[in-house]
Amino acid sequence: MSGVNKRVLPGFGLSLGFTLVYLSLIVLIPLSAVFIKTSTMSWQEFWDVVTAPRVVASYKLTFGASFLAALINAVFGLLLAWGLTRYTFPGRKIVDALIDLPFALPTAVAGIALTAIYAKNGWVGSLLEPLGIKIAFGPPGVLVALTFIGLPFVVRTVQPVLEDLETEYEEAAASLGATRWQAFQHVVFPALFPALLTGFALAFARAVGEYGSVVFIAGNIPMVSEITPLIIITKLEQFDYKGATAIAAVMLVISFVLLLVINGLQAWTARRTGRAV
Amino acid sequence: MAGVAATFDARPDTASKFEANPATRDAPWVKYLIIGLGLSYFAIFLLLPLIAVFVEAFRKGVGTYLDALVEPDALAAIRLTLLAAAISVPLNLIFGISAAWAIAKFQFRGKNFLITLIDLPFSVSPVVAGLIYVLVFGMQGWFGPWLREHDIKVIFAVPGIVLATIFVTFPFIARELIPLMQAQGRDEEEASISLGASGFQTFWRVTLPNIKWALLYGVILCNARAMGEFGAVSVVSGHIRGETNTMPLHVEILYNEYQFAAAFAVASLLALLALVTLILKTYVEWRAHRPIAREEVS
């Protein structure tokens, strides 16, 4: 009804103005400090900091463990989403509500709880100890923590798509003689795939920056189980602001790229399913 | 939108529909295998840590548990956590409403870019979120010398903790309101204005009732994160006991001092907060969609 030039509703200037000022003060200007500070370094200085062996080892661990954790969550998240939307079973509503626990539980609490469970005298750790499997205070601990915090993402992106999926497609597949597995493989899975990939990317992005739950269980051994965010903290504690900022700049650029990828994936999901995620 | 997958959304219960239809019903062994695998994963990775918090908290008895909670440093941490949430949640609430109003009710260039920028804090590592305020307000930061001259402390003090908390909870309320208000359009508000209501009356009587559940949902999630934030706050806090320690930081200090029962006692309060958050969240989801369901029935 009202075009760009004919605004009936009041408050455009005020609301947009406040939004932009608040966004700039809290987010944009402080974030720009990372790049401005980094730009005071010479290229060689920057490169030496961000490619130091200990830092490179931390990238490998952070990205490797994040990727694996997201992959585990993609598999089990799909199973959980399927179970929660397709089957009735006692306690389903409670399980469904508790899936979001990693969003609600402070990461430090998750960190010490997971450490207590997976340490060698813990509930799970003591079972694995005789088998020679050590989880806490090493890279597997990092994987466990990142799996925990990423758990809800795939479930929550796949679930709505599964719920909205009309039964007709599977009915058609069945009437054409497809087995359930064939119907899943050729009909249901392609419809789910964009959402599954979005959930995977969200879990991965979250895991890359995670700090609180990991530091307790990782053991934080340099070159072995030290994640990149911890290196930033260590450098800050040594008052090496330049070094911390350079690594933060690398992390920020990666976060921005992931954000763009995720926005693209969500647009794809929305086009595929006709539904905003 | 990146960062958090939980969004305020209608969630019809479809399981019985799928199970009643032979074309979408799976063989019993498939059903029990999937439920079994899914629930085992759920139990090991989610339920076990939650139970562990409470078991460890009471390991040395109820007396130790209560002592850990009423100890002065713990009380100071609880107060600071409440303060940080009491400042950051209302500010982000005002921001969320204002951003959603501008984005949903008006046309302007760069809108999608603005929405992406609002989501940005979700994709930034908490550690980097803390670092940026050190770069701006720290001793060697942009305003460091000026702040020191005027004897104002931001970093390693309460203002820094509040700023870091605002940053990490920045998008929560806006991202709930923007899609909802965009979907609702502006017809009702335009009708209200053309019938002579003021802008404030229109917002209070027309917009607010339409968005109240999404608003509440955003506030609940925002509050949970504000009280539980660890990484960002850890960078700017300086860990001064009784002064700049929030509850999650207090948990860390106790844990590193091998006072495990006390650490888990304070952690159990945060775990309770998480459970209350999930209960409220589920209630709001259920409540928000009940009126729609009723309309469909009648």
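This is a predicted model: local features need pLDDT of at least 70, side-chain atom pairs count only at pLDDT 80 or more; totals for chains, interfaces and linings use all residues.
**Where two chains meet**

Residues are numbered from 1 along each chain as its sequence is written, chains are lettered from A and ligands numbered from 1 in the order in which they are written, and side-chain values use heavy atoms, with hydrogens and water left out.

Let's stay with that first pair. Helices here are DSSP runs (H or I, at least four residues), numbered from the N terminus. Axes are lines fitted to C-alpha atoms over the stretch in contact, with angles from 0 to 180 degrees between N-to-C directions. On the α1(A) side, the residues that meet α4(B) include Phe12(A), Leu16(A) and Tyr22(A), and their partners include Leu91(B), Phe95(B) and Trp101(B); contact means heavy atoms within 4.5 Å. By class, this contact has ten nonpolar, four polar and no charged residues.

Now step back to the whole interface. Here 105 residues of chain B are in contact with 105 residues of chain A. Together the two chains bury about 9,300 Å², 75% of it on carbon and sulfur atoms; buried area is the accessible area (1.4 Å probe) that two parts lose on being put together, summed over both. The interface also has two salt bridges, each a side-chain nitrogen of Lys or Arg within 4 Å of a carboxyl oxygen of Asp or Glu. Asp26(B) and Arg180(A) form a salt bridge, with their closest N and O atoms 2.7 Å apart.

Over all chains, the count comes to 19 salt bridges. Inside chain A, Glu226(A) pairs with Arg54(A) at 2.6 Å, N to O. Glu226(A) sits in the loop between α11 (212-218) and α12 (228-237), while Arg54(A) belongs to helix α3 (residues 53-86), so that the pair links parts of the chain 172 residues apart.

Finally, look within chain B, where helices α8 (residues 158-169) and α11 (residues 199-228) pack at about 140°, with axes 9 Å apart. These two helices are therefore oblique to each other as well. Thr165(B), Val168(B) and Thr169(B) in α8(B) meet Cys222(B), Arg225(B) and Ala226(B) in α11(B).

Terms used
Ala, Val, Leu, Ile, Met, Phe, Trp, Tyr, Cys and Pro count as nonpolar, Asp, Glu, Lys and Arg as charged, and the others, Gly among them, as polar. Angles under 35 degrees count as roughly parallel, over 145 as roughly antiparallel, 65 to 115 as roughly perpendicular and the rest as oblique.
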